[in-house]
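This report concerns the contacts between side chains and between domains in a protein chain. Please consult the sequence and the structure shown here while reading.

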Amino acid sequence: MKLSVIGCGYLGAVHAAAMASLGHDVVGIDVDQAKIEALSAGRAPFFEPGLPELLLAGVESGRLRFSTDTADAAGAAVHFIAVGTPQKAGSTAADLRYVDAAVDGLLPYLSVGDIVVGKSTVPVGTAERLAEIVAPTGAILAWNPEFLREGFAVQDTVAPDRLVYGLPPAAADAEAVRTALDEVYAAALTTGTPLVATGFATAELVKVAANAFLATKISFINAMAEISEVTGADVTELADAIGYDARIGRRFLNAGVGFGGGCLPKDIRAFAARAEELGRGESVAFLKEVDSINLRRRQRVVDIAVEELGGSAYQKRVAVLGLAFKPDSDDVRDSPALDVAVLLNGLGARVLAYDPEANANAKRLHPQLHFAASAEEAVADADLVVVVTEWKEFRALTPEQLAPLVAAKVIVDGRNCLDATAWREAGWTYRGLGRP
Ligand code: NAD
């Protein structure tokens, strides 16, 4: 099929490359010239495992092209909207200006029968509004929320755990969308991927409900960590024990510095803001508490660090290991790890931070920080080491390896990802979150 993907960020670039790998003929459009130049040369403009290979193969096959000119989307049968929906400045609501601009920019190039498919995460009600804007062109709008996880984005796009089609109300239009999307996702559908075909509102809500649930699960265990901290309980053992209950499950139940990234934080805020607009603010008022618990954990890591530094971080050397909001990503949007580095720096600590992939993005946002080229360089002469992103290379660090490098054998494990016993037995002061 001929497809266009408007917006080539973490979602769109992966979607475009993955669709080309499935045999579709894809053009990716973005307003960011540098991004398009990199993508056109088969280079990934951000870190995502598996993406570089897919991009190169796609570009070389001739089935994957990129452009800054929306006119190049003309002729595609299906147009995916994958632009950002960040938090609005000075508000907790979603900023829809990019989605609106992408749809407006596409209008002159739409033909009768084209399908415009929103993938961006939007407040419920957006699809209905946009469908009216698209209707005069004879094209049909649908919403197909995306559930990919950064770090697993390629795999999640090629073989998603489910597909959700938000179909228009008119039966003939719904049928046309369904036929087109079934063809787009034929590879996944033939392997038995579950499909939920529903209306606009449900499709939009599925995405924010899923993120609200995941955020709540993380903040739940972090709330248990807060209680553990004042009672001497161990939240990791607690999580293991409650996780054996299949109704609860152990996944997403790791206490630590909390969630971040370009999705969960802004999505739960936008959901709460939209619910208030709808007069149902109380239904998801708990999401504000979920957000507060999450943000408190960043300060908690800083407080533990200051405590271990003898009450003041001023002029102390602190190695911060991790800046990305999660491992296998270079994404520092609303990253707890980056926040911890910035907070410690603000307290006058001499922070030397290192992330395997996110140094450059962190530096762009916070040029006042200092960055190391390796974990070893970051920890050299450190009075304290903080681990805030659970990269495999940090989990593999051993107390014996770091001991000769640091000034003081003190480690704060902001992700509860290290073996506390091993570090303590090697003579380190080990501090986890929600653990004695
Ligand atoms: P991103 O910021 O990485 O990418 C957005 C891209 O859109 C940018 O490259 C930007 O230049 C481009 N853009 C903006 N306006 C444009 C326009 N008018 N025309 C063409 N391009 C334009 O954001 P992202 O992380 O890819 O997220 C995109 C959407 O997908 C958001 O709604 C997000 O919530 C949702 N989403 C993201 C993920 C994820 O893991 N990143 C997962 C699921 C859903």
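## Domain arrangement

The model is predicted. Its domain assignment divides the protein chain into domain 1 (2-193) and domain 2 (232-436). The C-alpha centres of domain 1 and domain 2 lie 33 Å apart.

Contact between the domains involves 17 residues of domain 1 and 18 residues of domain 2. Between them an area of about 1400 Å² is buried, and carbon and sulfur atoms give 51% of that area. On the side of domain 1, Tyr 10, Phe 47 and Glu 150 supply 40% of the area buried against domain 2, more than any other three residues.

## The salt bridge between the domains

The count between domain 1 and domain 2 is one salt bridge. Glu 150 forms a salt bridge with Arg 333, and their closest N and O atoms are 3.5 Å apart. Glu 150 lies in the loop between β6 and α6, and Arg 333 in the loop between β9 (317-321) and α13 (336-346), so the pair ties together parts that are 183 residues apart in sequence. Glu 150 counts as buried at 10% relative accessibility, whereas Arg 333 counts as partly exposed at 40%.

## Other salt bridges

The count for the structure comes to 25 salt bridges. One of these joins Glu 146 to Lys 119, with the closest N and O atoms 3.3 Å apart. Glu 146 is in the loop between β6 (140-143) and α6 (153-158), and Lys 119 is in the loop between β5 (115-118) and α5 (126-134); the pair therefore ties together parts that are 27 residues apart in sequence. Glu 146 is buried, with a relative accessible area of 11%, and Lys 119 counts as buried at 1% relative accessibility.

Arg 415 forms a salt bridge with Glu 390, at 3.4 Å between the closest N and O atoms. Because Arg 415 lies in the loop between β13 (410-413) and α18 (420-425) and Glu 390 in the loop between β12 and α16, this pair ties together parts that are 25 residues apart in sequence. Arg 415 counts as buried at 14% relative accessibility, while Glu 390 counts as partly exposed at 24%. Salt bridges also link Glu 226, Glu 229, Glu 289, Arg 296, Arg 297 and Arg 300 in a network.

## Aromatic pairs

A search of the whole structure finds four aromatic pairs. One of them, formed by Phe 47 and Trp 391, is tilted, with 6.2 Å from centre to centre and 50° between the planes. This pair links distant parts of the chain: Phe 47 is in the loop between α2 (33-40) and α3 (51-61), and Trp 391 is in the loop between β12 (384-387) and α16 (392-395), 344 residues apart. Phe 47 is partly exposed, with a relative accessible area of 23%, whereas Trp 391 counts as buried at 7% relative accessibility.

The rings of Tyr 354 and Phe 394 have their centres 5.9 Å apart and their planes at 70°, so this pair is edge-to-face. Tyr 354 belongs to strand β10 (residues 350-354) and Phe 394 to helix α16; the pair therefore ties together parts that are 40 residues apart in sequence. Tyr 354 counts as buried at 9% relative accessibility, and Phe 394 is buried with a relative accessible area of 0%.

## Arginine over aromatic rings

Arg 149 lies over the face of Phe 152, at 4.3 Å from the ring centre. Arg 162 lies over the face of Phe 147, at 3.6 Å from the ring centre.

Note on methods: Residues are numbered from 1 along each chain as its sequence is written. This is a predicted model: local features need pLDDT of at least 70, side-chain atom pairs count only at pLDDT 80 or more; totals for chains, interfaces and linings use all residues. Side-chain values use heavy atoms; hydrogens and water are left out. Rings of Phe, Tyr and Trp (its six-membered ring) pair if their centres lie within 6.5 Å; planes under 30 degrees apart count as stacked, over 60 as edge-to-face and the rest as tilted. Helices (H or I, at least four residues) and strands (E, at least two) are DSSP runs, numbered from the N terminus. Buried means under 20% relative accessible area, exposed over 50%, partly exposed in between (1.4 Å probe, protein chains only). A charge sits over a ring if NZ of Lys or CZ of Arg is within 6 Å of the ring centre and within 35 degrees of the ring normal. Domain bounds come from an automatic or database domain assignment. Contact means heavy atoms within 4.5 Å. Buried area is the accessible area (1.4 Å probe) that two parts lose on being put together, summed over both. A salt bridge is a side-chain nitrogen of Lys or Arg within 4 Å of a carboxyl oxygen of Asp or Glu.
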